[in-house]
Amino acid sequence: MLTMKSSLSTIPLETLIIGSASALRFTNADGTHPTKLKENVNSSVDANSLLKLPLLFVAYSVGTRIKKKRKRTETMETFYLMVFGSLVSLVAVLELSKTKKDRINTSSAFDSFKNNFLVVYSLMMAGDWLQGPYVYYLYSQYGFGKGEIGHLFIAGFGSSMLFGTIVGSLADKKGRKRACVTYCITYILSCITKHSPQYKVLMLGRVLGGIATSLLFSAFESWLVAEHNKRGFDQQWLSITFSKAIFLGNGLMAILSGLFGNVLVDTLQLGPVAPFDAASCFLAIGMIIILLSWSENYGDPSESKDLLTQFRGAAAAIAADEKITLLGAIQSLFEGSMYTFVFLWTPALSPNDEAIPHGFIFATFMLSSMLGSSIASRLLAHPNPKVESYMQIVFVISSVSLLLPVVTNFLVAPSAVKGGSISFSGCIQLIGFCTFEACVGIFWPSIMKMRSQYIPEEARSTIMNFFRIPLNIFVCIALYNVKALPMTFMFGMCSIFLFVASILQRRLMVIAEIHKSRSQDWAAMKEMDSEADPLTG
């Protein structure tokens with residue numbers, strides 16, 4: 001018996017289990033069929049063989065479990081690939097099937113301007129997306145719990161709320177190009193702080209990241225709109241740049257960043273800080289292009305106006321025009337739900353610590369966003385349906401998508417097994433989350449289009465950052481109470497917010513049509529008066 005034990009210790013466990021199980025099924029002492037095991041034991045098996053039987057039965061049982069687990073893992077991997085492959089096919093069909101009616105004829109000067117912006121914007125978004133999948137993971141690797149990580153996220157959103165309006169006003173006053181360069185520098189410094197496991201240093205990094213985020217979602221768009229108009233390009237051509245920016249920056253670059261980050265962390269095993277170092281490199285390259293090729297533009301460069309005066313002017317513009325107020329509310333409701341989803345999707349898909357491929361799922365989400373931006377480019381290329389009209393449907397679909405975790409929690413029995421692959425409930429939620437990301441892909445170019453129509457140029461960056469104040473307050477409250485509030489409550493709240501956004505979008509459409517009708521009536525009256533003047537003279 002001692003001899004047997006020592007020999008087993010030199011064999012890998014999995015080989016021992018599978019090999020022993022195979023021996024139990026196919027061999028007896030005399031080589032006969034296993035069904036004759038009992039007869040052989042009674043007649044010819046010695047005492048040592050009887051002592052081996054418990055080990056063989058245990059080995060067979062464990063071997064069966066390993067094979068079942070392998071089969072389930074392979075099935076889940078097939079599911080991930082099927083979802084990813086289906087999305088790739090849909091995006092390819094939409095892009096390749098575009099006709100001349102789906103495209104807008106432009107000039108070579110505009111194409112050069114557009115491509116320059118898209119290169120820079122893609123690099124900026126690559127710097128942002130590389131960090132996305134690994135922020136939570138990095139903090140957890142440093143030993144911080146869910147509550148502490150939540151506070152770090154709150155610091156980022158709180159920073160964006162407090163400093164966003166200030167940097168937005170400075171962008172309008174001091175120049176949007178300078179603001180874009182400031183974004184690069186600030187985000188690079190934020191990436192450098194990720195090398196420290198000290199909580200205070202990481203908190204500083206989150207504050208810097210919040211400031212950078214405010215600049216990313218205001219300064220670049222403000223520079224684009226102002227420069228587009230300054231160069232005299234057709235207003236409709238803006239929608240082309242918007243949709244391409246989301247397709248490339250929020251879609252393709254996000255996928256490539258997710259896969260590249262996966263290579264850095266898992267394949268090359270450079271650690272969870274490696275994506276942040278790579279992000280710094282992309283940001284530095286983009287900053288060089290901005291410095292060399294972009295011209296400066298301003299909102300209101302008047303030296304007589306201080307920051308407080310600019311704040312008052314932006315607040316007055318929001319209060320005076322219901323369209324701007326509704327647009328800000330819609331943006332806050334949608335983006336608040338979106339950022340809450342970013343924090344919740346990982347625990348939602350792995351409530352029992354299921355092993356899920358974070359990088360691959362992140363890439364799948366971004367492919368869904370590409371699908372949405374491809375749909376948006378077709379919608380924006382036609383005068384009908386209007387953006388104010390189809391966005392109502394988008395908000396309703398996104399509301400239903402984020403309601404799925406609540407529904408599955410009541411209808412699908414939760415898995416009691418720790419670890420393993422994604423559950424059936426998780427598969428349903430994953431499909432719903434992909435649908436929501438497709439709505440996100442439609443939302444970005446569409447909200448950019450509406451902002452270009454309704455927000456006055458002289459305070460564009462300031463007003464856009466005003467919109468982010470209620471968004472950041474909501475996300476900070478949600479993250480601060482993330483331990484106290486059940487996940488189903490959080491998703492249900494997001495679903496309600498998105499449904500409210502659809503109602504507000506309906507109101508915006510009605511007001512925009514009334515305003516357009518009045519403008520047309522006023523123009524017709526002026527034309528009639530001008531025709532009547534010569535007769536009276």
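**Notebook: aromatic pairs and the nonpolar core**

I looked up Tyr80 and found that, at 8% relative accessibility, Tyr80 counts as buried, where buried means under 20% relative accessible area, exposed over 50% and partly exposed in between, with a 1.4 Å probe and protein chains only. I note that this is a predicted model, in which local features need pLDDT of at least 70 and side-chain atom pairs count only at pLDDT 80 or more, while totals for chains, interfaces and linings use all residues. Residues are numbered from 1 along each chain as its sequence is written, and side-chain values use heavy atoms, with hydrogens and water left out.

I then checked confidence: the protein chain averages a pLDDT of 81, and 79% of the residues score at least 70, pLDDT being the predictor's confidence in each residue, from 0 to 100. Over residues 1-45 the pLDDT is below 50, and this stretch has 33 contacts in the model beyond near neighbours in sequence, a contact being heavy atoms within 4.5 Å.

Next I turned to the aromatic pairs, of which the structure holds 30; rings of Phe, Tyr and Trp (its six-membered ring) pair if their centres lie within 6.5 Å, and planes under 30 degrees apart count as stacked, over 60 as edge-to-face and the rest as tilted. The pair of Phe79 and Tyr80 is tilted, because the ring centres are 6.1 Å apart and the planes stand at 55°; Phe79 is buried, with a relative accessible area of 16%.

What is the geometry of Phe157 and Tyr339? Their ring centres are 5.4 Å apart and their planes at 65°, so I recorded the pair as edge-to-face. Phe157 lies in helix H7 (residues 146-174) and Tyr339 in helix H14 (residues 322-349), so the pair ties together parts that are 182 residues apart in sequence; helices are DSSP runs (H or I, at least four residues), numbered from the N terminus. Both partners are buried, Phe157 at 11% relative accessible area and Tyr339 at 14%.

I also followed the largest nonpolar core, which has 139 residues, and in which Phe117, Tyr183, Phe220 and Phe365 are among those with the most contacts; such a core is a set of buried Ala, Val, Leu, Ile, Met, Phe, Trp, Tyr and Cys residues joined through side-chain atoms within 4.5 Å. Leaving aside its neighbours within four places in sequence, Phe365 is in contact with residues including Phe341, Trp345 and Phe433. Phe117, Tyr183 and Phe220 also belong to one aromatic cluster, whose members include Trp223 and Trp294.

Conventions
Helices (H or I, at least four residues) and strands (E, at least two) are DSSP runs, numbered from the N terminus.
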